[in-house]
Amino acid sequence: MKFLKAIVAVGLMAASTSAFAADITGAGATFPFPVYSKWADAYKKETGNGLNYQSIGSGAGIKQIQAKTVTFGATDAPLKAEQLEKDGLVQWPMVMGAIVPVVNLEGIASGELVLSGELLADIYLGKVTKWDDAAIVKLNPKLKLPSAAITVVRRSDGSGTTFNFTDYLAKASPDWKTKVGMGTAVEWPVGVGAKGNEGVAGNISQTKNAIGYVEYAYAKQNKLTYAGMINKAGKTVQPTVASFQAAASNADWAKAPGYYVILTDQPGDASWPITAATFILMHKVPADKAASSEAIKFFTWAFEKGDKMAEELDYIPMPEPVVKLIEKTWSADIKS
């Protein structure tokens, strides 16, 4: 958990120094917390200006920006155009990443276990309860799987990671779609709740025979064992920048009102099936125009100089044509 403690320290340092300029305050999604923290640290070193970002989950981030208690909100569950209009908000994608199933199984390394969307749904429905269940063995005939109960870990807070994860399960499993559905929070049939990607990562690392879902940077930095997935094309894929990019390449941002695009279960032999974008929300007419202007400067810097840092954490930067669209949106819609 050293990684998580380190980025919390960055956030606190940013908070303590941001008063020297107009405060940039943000709150929301835990999915992009690693990359936002890395950007904030580099931005402070370059400009002297800090960023205070609270990693509290997408649902809470949306509530804070609606209440005007922060300069920007962050969510992995994008708001639809009518909701943006109602709340006087502007939305855009900041970076893309991926969600991965993670397990704690003795003797099994990352990528060795393979799951399908339907099987993952059945585990979270409580239909598949043991690691040596025939459905798991069928996909993994060469693995030595324990005859042990599966401890299911899921998010307890309103979460954009959950939104994308359950959206994928609903696409992969008609049973999941009718019984549970999708959203930032759902009525989970089974499982132990944990708060944030941080909480799920910590729970998995400490619990034998557990399964959960986290943003890939958390799996990588916490050395969690991830599973491969069978994608929409029926191909077995591993979580890599190439497989995330293959899924993201299908996105048509220019034609999506409010940039509302969901990247789960995309076609293509190489596509990772649980790929997602993470979004920023700001008011069209900000309560604090100076802080809003500082935030836009930070996001401009991140688009211009943050791509390499994002890639180092296995996030996917937004394509240049999309960045140009977003910059036009700022000019047209945000009065700062």
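Reader: How do the residues of the lining of the largest pocket divide into nonpolar, polar and charged?

Author: The model is a predicted one. In it, the lining of the largest pocket comprises 10 nonpolar, three polar and four charged residues. The lining has 17 residues, and those nearest the centre of the pocket are Leu-84, Pro-257, Gly-258, Thr-329 and Asp-333. Two or more residues each come from α4 (81-87), β4 and α14 (320-333). The volume of this pocket is about 210 Å³.

Reader: What makes up the lining of the second largest pocket?

Author: Five nonpolar, five polar and three charged residues form the lining of the second largest pocket. There are 13 lining residues, with Lys-68, Val-70, Thr-71, Ala-287 and Asp-288 the closest to the centre. At least two residues of the lining are supplied by β12 (275-283), and at least two by α12 (289-305). The space in the second largest pocket is about 170 Å³.

Reader: How many cavities of 30 Å³ or more does a search of the whole structure find, and what is the difference in definition between a cavity and a pocket?

Author: The search finds two such cavities. A cavity is a set of points where a 1.4 Å probe fits but cannot get out, whereas a pocket is an open set. The second largest cavity has a volume of about 30 Å³. Its lining consists of Trp-39, Met-94, Val-95, Ala-302, Phe-303, Asp-307, Pro-317 and Met-318. Seven of these residues count as nonpolar, none as polar and one as charged. Strand β4 and helix α12 each give at least two residues to the lining of this cavity.

Reader: Why is Leu-119 called buried?

Author: The cut-off for buried is under 20% relative accessible area. Leu-119 has 4% relative accessibility, and therefore counts as buried. The residue belongs to helix α5. Beyond the residues up to four places away in sequence, Leu-119 touches Val-128, Ala-135, Ile-136 and Leu-139. Of these contacts, Ile-136 is 17 residues apart from Leu-119 in sequence, with a C-alpha to C-alpha distance of 7.5 Å.

Reader: Which strands does helix α5 lie across?

Author: Helix α5 (residues 117-125) lies across β5 and β10, and runs at about 85° to β5. Strands β5 and β10 belong to an open sheet of three strands, in the order β5-β10-β11 and with mixed pairing.

Reader: What makes β5 and β11 edge strands?

Author: Strands β5 (114-116) and β11 (236-237) each pair on one side only, and are the edge strands. On the β11 side, two bridges join β11 to β10 (residues 228-230), and these two strands run antiparallel. Within that pairing, Met-229 has Val-237 as its bridge partner.

Reader: How do you know that strand β8 is mostly covered?

Author: Six of the six residues of β8 (residues 210-215) are buried, and the strand is accordingly described as mostly covered.

Reader: Which way does β8 run relative to β4 and to β6, parallel or antiparallel?

Author: Two strands pair if there are at least two bridges between them. Five bridges join β8 to β4 (residues 89-103), and the two run antiparallel; one of the bridge pairs is Val-102 with Gly-212. Two bridges join β8 to β6 (residues 151-155), and these run parallel. There, Val-152 stands opposite Ile-211.

Reader: Is Thr-225 buried or exposed?

Author: Thr-225 is buried, because its relative accessible area of 17% is under 20%. The residue lies in strand β9 (residues 225-226). Neighbours within four places in sequence aside, Thr-225 contacts Pro-101, Val-102, Val-103, Ile-108, Ala-109 and Ser-110.

Reader: What is the phi of Lys-223 and of Tyr-259?

Author: Most residues other than glycine have a negative phi. Lys-223 is not a glycine, yet its phi is positive at about 55°. Tyr-259 likewise has a positive phi, near 55°. Lys-223 is in the loop between α10 (216-221) and β9, and Tyr-259 in the loop between α11 (241-248) and β12.

Reader: Why is Lys-223 called exposed and Tyr-259 buried?

Author: Lys-223 has 74% relative accessibility, which is over 50%, and therefore counts as exposed. Tyr-259 has a relative accessible area of 8%, which is under 20%, and is therefore buried.

Technical notes. Residues numbered from 1 in each chain as written. Predicted model: local features only at pLDDT ≥ 70, side-chain atom pairs only at ≥ 80, totals over all residues. Heavy atoms only, no water. Buried < 20%, exposed > 50% of the residue type's maximum accessible area, 1.4 Å probe, protein only. Helix = DSSP H or I, 4+ residues; strand = E, 2+ residues; numbered from the N terminus. Contact = heavy atoms within 4.5 Å. Axes fitted to C-alpha atoms, helices over the stretch in contact; angles between N-to-C directions. 1 Å grid on protein atoms, 1.4 Å probe; cavity = no way out; pocket = protein on both sides within 12 Å on 5 of 7 lines; lining within 4 Å. Points joined across faces, edges and corners; volume = space filled by probe spheres on them. Nonpolar A, V, L, I, M, F, W, Y, C, P; charged D, E, K, R; others polar.
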